Amino acid sequence: MQLIDIGANLAHDSFDADRDAVMARAAAAGVAQMVVTGSSEQATRRAIELSRSHAGVLFATAGVHPHHAADLTTDTLPALQELARDARVVAVGECGLDYFRDFSPRDLQRRAFGWQIELAKATGKPLFLHQRDAHEDFIAILKQHGVTNGVAHCFTGAERERDAYLEQGLHIGITGWINDERRGLHLREVVKRIPADRLMIETDAPYLMPRDIRPAPKTRRNEPQYLPYVVRAIASARGETAWSVAAASTAAARRFFGLPDPGPGPG
Ligand SMILES: [Zn+2]
């Protein structure tokens, strides 16, 4: 079984001490390829560096997270535009709107989002999208720009949001949020009606450790090696085998990001 983790923050400094061991554990768990999230200009540079040194296994996104939207200005935009054109970059983002934390003013979030949508169009690459507590503005901006080629990463919304995204043409990324027996319960319903060719899987490591890992890990740092737990939770919610969820999500991710087939993996 080959899996693709479409959202791993492997450039995060919590992986600096043992990144190679983390990658080896991922490979042993069947995670054949990972898309490293770029959430700021600096994180994007690191994600590209990592994908350069792990060609065919790691790929990068280039973007500025809504939390950092205030950093994206007419002065810094050209650097991001150049990074997005790198051959290792397979999507523009993580970008979008986050009205839950409001770390950046909302008008600057909307401006940064619009710029990155245009950047995705200019490069012909899909969007890696983040949305929290901002559904109405988010979908309005997508419609206004005619966006259809994107993935709503770490989807935690309700059926209404799922349907709006699917209708817009988006893919949907599911994380270990679905493994949470408290706040993830509704997702087990929501995930049933996502077409298999629009469903992709991600850990969002080092965040969102699946809560059903046994024995429970001693650390709270999530890793791509735990992606099979997400696969199993999705499979049980949809009444499918883990194998079929794995095969369909891998095919969807490979098509969406244009990833090469790595050939038979180690496990
Ligand atoms: Zn996010």
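Biologist: Quick one to start. Is Asp-133 buried or exposed?
Modeller: Asp-133 counts as exposed, at 54% relative accessibility. Keep in mind that this is a predicted model.

Biologist: Where does Asp-133 lie?
Modeller: Asp-133 is in the loop between β5 and α5 (135–144). Its phi is near 55 degrees, a positive value in a residue other than glycine.

Biologist: And Leu-208, what's its phi?
Modeller: Phi of Leu-208 is near 55 degrees too, again positive in a non-glycine residue. Leu-208 sits in the loop between β8 and α8.

Biologist: Buried or exposed, that Leu-208?
Modeller: Leu-208 counts as buried, at 19% relative accessibility. The cut-off for buried is under 20%.

Biologist: Let's do the sheet. How many strands, and in what order?
Modeller: There are eight, forming an open sheet in the order β1-β2-β3-β4-β5-β6-β7-β8. The pairing is parallel.

Biologist: Which strands stand at the edges?
Modeller: β1 (3–8) and β8 (199–201) do. Each has a single partner strand, so one side of each is left without a neighbour in the sheet. From one strand to the next, the twist averages 30 degrees.

Biologist: How many bridges join β3 to β4?
Modeller: Three bridges join β3 (residues 58–62) to β4 (residues 89–98), and the two run parallel. Thr-61 stands opposite Ala-91 in β4.

Biologist: What about β6 and β7, how many bridges there?
Modeller: Two bridges join β6 to β7, also running parallel. Ala-152 has Ile-172 in β7 as its bridge partner.

Biologist: Are the faces of β7 covered or open?
Modeller: Both faces of β7 (residues 171–174) are covered. His-171 and Gly-173 are buried on one side, Ile-172 and Ile-174 on the other.

Biologist: Which strands does α4 lie across?
Modeller: Helix α4 (residues 106–123) lies across β4 and β5 (127–132). The helix runs at about 160 degrees to β4.

Biologist: Now the metal. Which residues are the protein donors of the zinc ion?
Modeller: Glu-94 (OE), His-130 (ND1) and His-153 (NE2). They lie 1.8 to 2.3 Å from the zinc ion. Along the chain, the donors follow the spacing E-x35-H-x22-H.

Biologist: What joins Arg-214 and Pro-215?
Modeller: A cis peptide bond, with omega about -5 degrees. Pro-215 lies in the loop between β8 and α8.

Biologist: What is Thr-37 in contact with, sequence neighbours aside?
Modeller: Leaving aside neighbours within four places in sequence, its contacts include Thr-61, Glu-94 and Phe-128. Thr-37 lies in the loop between β2 (31–36) and α2. At 3% relative accessibility, Thr-37 counts as buried.

Biologist: Pockets next. How much space lies in the largest pocket?
Modeller: About 820 Å³. The largest pocket is lined by 27 residues. Nearest its centre are His-65, His-67, His-130, Asp-204 and Tyr-207.

Biologist: Which elements each supply at least two residues of that lining?
Modeller: α2 (41–53), β4 and β5 each do. His-130, one of the zinc donors, is among those nearest the pocket centre.

Biologist: How many cavities of 30 Å³ or more are there?
Modeller: One, from a search of the whole structure. About 40 Å³ of space lies in that largest cavity.

Biologist: Which helix gives the largest share of the cavity lining?
Modeller: Helix α9 (residues 242–257), with three residues. The lining residues include Leu-199, Arg-238 and Glu-240.

Biologist: Last one. Is Met-209 buried or exposed?
Modeller: Met-209 counts as buried, at 7% relative accessibility. Met-209 and Gly-176 are 33 residues apart in sequence and 6.4 Å apart in space, C-alpha to C-alpha.

Technical notes. Residues are numbered from 1 along each chain as its sequence is written. This is a predicted model: local features need pLDDT of at least 70, side-chain atom pairs count only at pLDDT 80 or more; totals for chains, interfaces and linings use all residues. Side-chain values use heavy atoms; hydrogens and water are left out. Two strands pair if DSSP finds at least two bridges between them. Helices (H or I, at least four residues) and strands (E, at least two) are DSSP runs, numbered from the N terminus. Axes are lines fitted to C-alpha atoms, for helices over the stretch in contact, and angles run from 0 to 180 degrees between N-to-C directions. Contact means heavy atoms within 4.5 Å. Donors are N, O and S atoms within 2.8 Å of the metal (3.2 Å for Na, K and Ca); water is not among the atoms, so sites may look incomplete. On a 1 Å grid over the protein atoms alone, a cavity is a set of points where a 1.4 Å probe fits but cannot get out, and a pocket is an open set with protein on both sides within 12 Å along at least five of seven lines; lining residues have an atom within 4 Å of a point. Grid points are joined across faces, edges and corners, and a volume is the space filled by probe spheres set on the points. Buried means under 20% relative accessible area, exposed over 50%, partly exposed in between (1.4 Å probe, protein chains only).
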